Amino acid sequence: MSEGGRPRRYRGKGALTGAVLAAAGSLALVACGGGGGKGTAAASVSPRPSPPVTASFSGTPPSALASAASSAVASASAAVASSAARASEFDASVSAETGRANAAARTKLEKAQGRGNAVSDVSLTGMPRSETGGLLALHVNIRNSADATASFAVQVDFRDADGKVVETRYVGAEKVGAGQTVHTIVVSHEPPEPKLNAAVAKAQRY
(Lines give C-alpha, C1' and ligand atoms only; values in the text may rest on other atoms or scores of the structure.)
Protein backbone atom coordinates (compact mmCIF):
# COMPACT_ATOMS: atom_id res chain seq x y z
CA MET A 1 0.00 0.00 0.00
CA SER A 2 1.10 3.61 -0.34
CA GLU A 3 0.78 6.81 1.58
CA GLY A 4 0.08 9.95 -0.40
CA GLY A 5 0.47 8.11 -3.67
CA ARG A 6 4.07 6.90 -2.92
CA PRO A 7 4.95 3.26 -2.31
CA ARG A 8 5.89 2.39 1.25
CA ARG A 9 9.45 1.09 1.74
CA TYR A 10 10.13 -1.71 4.20
CA ARG A 11 13.53 -2.44 5.71
CA GLY A 12 13.28 -6.07 6.67
CA LYS A 13 15.94 -8.45 7.92
CA GLY A 14 16.81 -9.46 4.37
CA ALA A 15 17.71 -5.93 3.38
CA LEU A 16 19.80 -5.42 6.50
CA THR A 17 21.71 -8.66 5.93
CA GLY A 18 22.47 -7.66 2.32
CA ALA A 19 23.86 -4.34 3.46
CA VAL A 20 26.13 -6.00 6.02
CA LEU A 21 27.45 -8.50 3.50
CA ALA A 22 28.13 -5.76 0.96
CA ALA A 23 30.11 -3.79 3.52
CA ALA A 24 32.08 -6.88 4.53
CA GLY A 25 32.87 -7.55 0.86
CA SER A 26 34.22 -4.03 0.42
CA LEU A 27 36.47 -4.40 3.47
CA ALA A 28 37.77 -7.73 2.14
CA LEU A 29 38.66 -6.15 -1.21
CA VAL A 30 40.58 -3.34 0.51
CA ALA A 31 42.48 -5.74 2.76
CA CYS A 32 43.40 -8.22 0.01
CA GLY A 33 44.19 -5.87 -2.89
CA GLY A 34 47.59 -6.75 -4.39
CA GLY A 35 48.82 -3.57 -6.04
CA GLY A 36 45.96 -1.23 -5.15
CA GLY A 37 46.01 2.49 -4.55
CA LYS A 38 48.88 4.13 -2.75
CA GLY A 39 46.63 5.74 -0.17
CA THR A 40 45.27 2.57 1.45
CA ALA A 41 46.86 1.45 4.70
CA ALA A 42 46.36 -2.22 3.87
CA ALA A 43 48.50 -1.96 0.70
CA SER A 44 51.63 -1.29 2.78
CA VAL A 45 51.28 -4.50 4.74
CA SER A 46 53.02 -7.56 3.27
CA PRO A 47 53.26 -10.94 4.98
CA ARG A 48 56.75 -12.21 5.90
CA PRO A 49 57.69 -15.03 3.52
CA SER A 50 58.33 -18.39 5.04
CA PRO A 51 61.90 -19.71 4.68
CA PRO A 52 62.32 -22.53 2.14
CA VAL A 53 62.47 -26.08 3.41
CA THR A 54 65.99 -26.99 2.37
CA ALA A 55 65.49 -30.64 3.28
CA SER A 56 63.44 -31.05 0.11
CA PHE A 57 66.11 -29.52 -2.17
CA SER A 58 68.16 -31.67 -4.53
CA GLY A 59 71.62 -30.92 -5.88
CA THR A 60 74.49 -28.94 -4.36
CA PRO A 61 74.03 -25.42 -2.98
CA PRO A 62 75.76 -22.67 -5.02
CA SER A 63 78.22 -21.96 -2.22
CA ALA A 64 79.39 -25.56 -2.22
CA LEU A 65 79.72 -25.53 -6.02
CA ALA A 66 81.84 -22.41 -5.87
CA SER A 67 84.01 -23.98 -3.19
CA ALA A 68 84.43 -27.15 -5.25
CA ALA A 69 85.39 -25.12 -8.34
CA SER A 70 87.97 -23.14 -6.37
CA SER A 71 89.37 -26.35 -4.95
CA ALA A 72 89.62 -27.89 -8.43
CA VAL A 73 91.46 -24.84 -9.77
CA ALA A 74 93.84 -24.88 -6.81
CA SER A 75 94.52 -28.61 -7.29
CA ALA A 76 95.19 -28.13 -11.03
CA SER A 77 97.57 -25.25 -10.34
CA ALA A 78 99.40 -27.32 -7.73
CA ALA A 79 99.69 -30.22 -10.18
CA VAL A 80 101.13 -27.96 -12.89
CA ALA A 81 103.62 -26.45 -10.44
CA SER A 82 104.62 -29.91 -9.21
CA SER A 83 105.10 -31.18 -12.77
CA ALA A 84 107.22 -28.14 -13.68
CA ALA A 85 109.36 -28.70 -10.59
CA ARG A 86 109.90 -32.37 -11.46
CA ALA A 87 110.81 -31.43 -15.03
CA SER A 88 113.31 -28.88 -13.82
CA GLU A 89 114.87 -31.34 -11.39
CA PHE A 90 115.12 -34.04 -14.05
CA ASP A 91 116.73 -31.68 -16.58
CA ALA A 92 119.17 -30.37 -13.98
CA SER A 93 120.23 -33.89 -13.00
CA VAL A 94 120.83 -34.85 -16.64
CA SER A 95 122.78 -31.67 -17.35
CA ALA A 96 124.95 -32.18 -14.28
CA GLU A 97 125.94 -35.67 -15.41
CA THR A 98 126.44 -35.03 -19.13
CA GLY A 99 127.13 -31.30 -19.46
CA ARG A 100 130.88 -31.42 -20.21
CA ALA A 101 130.66 -34.44 -22.53
CA ASN A 102 127.78 -32.84 -24.44
CA ALA A 103 129.69 -29.60 -24.95
CA ALA A 104 132.65 -31.57 -26.29
CA ALA A 105 130.33 -33.53 -28.59
CA ARG A 106 129.15 -30.39 -30.33
CA THR A 107 132.72 -29.32 -31.01
CA LYS A 108 133.65 -32.72 -32.43
CA LEU A 109 130.60 -32.83 -34.71
CA GLU A 110 131.49 -29.50 -36.27
CA LYS A 111 134.49 -31.23 -37.81
CA ALA A 112 132.68 -34.43 -38.83
CA GLN A 113 132.08 -35.12 -42.52
CA GLY A 114 128.52 -35.81 -43.61
CA ARG A 115 126.59 -37.60 -40.89
CA GLY A 116 129.75 -38.91 -39.24
CA ASN A 117 131.30 -42.35 -38.99
CA ALA A 118 129.15 -43.86 -36.21
CA VAL A 119 125.48 -43.32 -37.09
CA SER A 120 124.92 -47.09 -37.26
CA ASP A 121 126.23 -47.45 -33.69
CA VAL A 122 123.60 -45.16 -32.16
CA SER A 123 119.89 -45.72 -31.46
CA LEU A 124 117.20 -43.91 -29.47
CA THR A 125 114.72 -45.24 -26.90
CA GLY A 126 111.91 -43.08 -25.54
CA MET A 127 111.46 -42.51 -21.81
CA PRO A 128 108.04 -42.37 -20.06
CA ARG A 129 107.00 -38.78 -19.42
CA SER A 130 105.97 -39.83 -15.92
CA GLU A 131 109.69 -40.21 -15.18
CA THR A 132 110.77 -36.93 -16.78
CA GLY A 133 108.26 -34.45 -15.36
CA GLY A 134 106.47 -34.36 -18.71
CA LEU A 135 109.56 -33.56 -20.80
CA LEU A 136 110.35 -35.38 -24.03
CA ALA A 137 113.48 -37.34 -23.19
CA LEU A 138 115.21 -40.31 -24.79
CA HIS A 139 117.94 -42.76 -23.97
CA VAL A 140 120.77 -42.49 -26.50
CA ASN A 141 122.20 -45.98 -26.84
CA ILE A 142 125.80 -45.91 -28.05
CA ARG A 143 127.54 -49.16 -28.97
CA ASN A 144 131.24 -49.14 -29.67
CA SER A 145 131.60 -51.59 -32.55
CA ALA A 146 135.30 -50.83 -32.93
CA ASP A 147 138.03 -53.03 -31.46
CA ALA A 148 139.46 -50.24 -29.33
CA THR A 149 138.22 -47.78 -26.73
CA ALA A 150 136.65 -44.70 -28.31
CA SER A 151 134.60 -41.60 -27.51
CA PHE A 152 131.40 -40.60 -29.27
CA ALA A 153 129.59 -37.39 -30.20
CA VAL A 154 125.93 -37.51 -31.21
CA GLN A 155 123.55 -34.91 -32.64
CA VAL A 156 119.81 -35.49 -32.15
CA ASP A 157 117.30 -33.45 -34.12
CA PHE A 158 113.69 -32.96 -33.01
CA ARG A 159 111.29 -32.49 -35.91
CA ASP A 160 107.64 -31.48 -36.12
CA ALA A 161 104.94 -33.27 -38.12
CA ASP A 162 106.10 -31.50 -41.30
CA GLY A 163 109.66 -32.73 -40.87
CA LYS A 164 111.02 -29.32 -39.91
CA VAL A 165 113.83 -29.30 -37.33
CA VAL A 166 112.64 -27.24 -34.37
CA GLU A 167 115.39 -28.18 -31.91
CA THR A 168 118.85 -29.75 -31.94
CA ARG A 169 120.59 -31.31 -28.95
CA TYR A 170 124.04 -32.83 -28.51
CA VAL A 171 125.17 -35.71 -26.32
CA GLY A 172 128.48 -37.43 -25.87
CA ALA A 173 130.09 -40.47 -24.27
CA GLU A 174 133.77 -40.72 -23.51
CA LYS A 175 136.09 -43.71 -23.31
CA VAL A 176 133.63 -46.41 -24.27
CA GLY A 177 135.29 -49.83 -24.25
CA ALA A 178 135.45 -51.99 -27.36
CA GLY A 179 132.16 -53.84 -27.82
CA GLN A 180 130.61 -51.96 -24.91
CA THR A 181 127.22 -50.19 -24.99
CA VAL A 182 126.53 -47.08 -22.91
CA HIS A 183 123.36 -45.08 -22.39
CA THR A 184 123.10 -41.33 -22.06
CA ILE A 185 120.03 -39.08 -22.12
CA VAL A 186 118.91 -36.32 -24.48
CA VAL A 187 116.16 -33.92 -23.37
CA SER A 188 114.01 -31.61 -25.49
CA HIS A 189 113.11 -28.22 -24.04
CA GLU A 190 110.21 -27.69 -26.43
CA PRO A 191 106.59 -27.68 -25.13
CA PRO A 192 104.76 -31.05 -24.98
CA GLU A 193 102.53 -30.00 -27.88
CA PRO A 194 102.81 -30.28 -30.79
CA LYS A 195 104.46 -33.66 -30.54
CA LEU A 196 107.97 -33.97 -31.95
CA ASN A 197 109.93 -36.86 -33.45
CA ALA A 198 113.55 -37.40 -32.54
CA ALA A 199 116.21 -38.84 -34.86
CA VAL A 200 119.97 -39.24 -34.89
CA ALA A 201 121.27 -36.60 -37.31
CA LYS A 202 125.02 -37.14 -36.81
CA ALA A 203 127.28 -39.48 -34.82
CA GLN A 204 131.07 -39.39 -34.73
CA ARG A 205 133.48 -41.84 -33.16
CA TYR A 206 136.89 -40.40 -32.25
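## Terms and model

Two strands pair if DSSP finds at least two bridges between them. Helices (H or I, at least four residues) and strands (E, at least two) are DSSP runs, numbered from the N terminus. This is a predicted model, in which local features need pLDDT of at least 70, side-chain atom pairs count only at pLDDT 80 or more, and totals for chains, interfaces and linings use all residues. Residues are numbered from 1 along each chain as its sequence is written, and side-chain values use heavy atoms, with hydrogens and water left out.

## Overall make-up

The protein has two helices and eight strands. Along the sequence they follow the pattern β-β-α-α-β-β-β-β-β-β. Of the 206 residues, 25% are buried. Buried means under 20% relative accessible area, exposed over 50%, and partly exposed in between (1.4 Å probe, protein chains only).

## Sheet E6-E5-E8

Three strands form an open sheet in the order E6-E5-E8, and the pairing is antiparallel. E6 and E8 (197-205) are the edges; each has a single partner strand, so one side of each lacks a neighbour in the sheet. Neighbouring strands are turned by 20° against each other on average, direction ignored. Axes here are lines fitted to C-alpha atoms, for helices over the stretch in contact, and angles run from 0 to 180 degrees between N-to-C directions.

Strand E5 covers residues 150-159 and strand E6 residues 165-176; nine bridges join the two. Phe158 has Glu167 in E6 as its bridge partner. Five residues lie between the strands of this hairpin, and Gly163 takes a positive phi near 85°. On the other pairing, eight bridges link E5 and E8 in the antiparallel sense. There, Phe152 is partnered by Arg205 in E8.

## Sheet E3-E4-E7

A further open sheet of three strands runs in the order E3-E4-E7, with antiparallel pairing. Its edge strands are E3 (122-126) and E7 (181-187), each pairing on one side only. Neighbouring strands here are turned by 30° against each other on average, direction ignored.

E3 and E4 are antiparallel and share five bridges. Thr125 stands opposite His139 in E4.

## Two buried asparagines

Asn141 sits in strand E4 (residues 137-143). With a relative accessible area of 11%, Asn141 is buried. Its side chain makes a polar contact with the side chain of Thr125 at 2.9 Å. A polar contact is a pair of N or O atoms within 3.5 Å; within protein, one must be able to donate a hydrogen and the other to accept it, and residues adjacent in sequence count only if both atoms are side-chain atoms.

Asn102 belongs to helix H2 (residues 62-110). Asn102 counts as buried because its relative accessibility is 14%. A polar atom of the Asn102 side chain lies 3.4 Å from the backbone oxygen of Tyr170.

One cavity of 30 Å³ or more is counted. A cavity is a set of points, on a 1 Å grid over the protein atoms alone, where a 1.4 Å probe fits but cannot get out; lining residues have an atom within 4 Å of a point. The largest cavity has a volume of about 50 Å³, volume being the space filled by probe spheres set on the points, which are joined across faces, edges and corners.

The lining of the largest cavity includes Arg129, Leu135, Ser188, Glu190, Pro191 and Lys195. By class, six lining residues are nonpolar, two polar and three charged. Ala, Val, Leu, Ile, Met, Phe, Trp, Tyr, Cys and Pro count as nonpolar, Asp, Glu, Lys and Arg as charged, and the others, Gly among them, as polar.

Notes. On a 1 Å grid over the protein atoms alone, a cavity is a set of points where a 1.4 Å probe fits but cannot get out, and a pocket is an open set with protein on both sides within 12 Å along at least five of seven lines; lining residues have an atom within 4 Å of a point.
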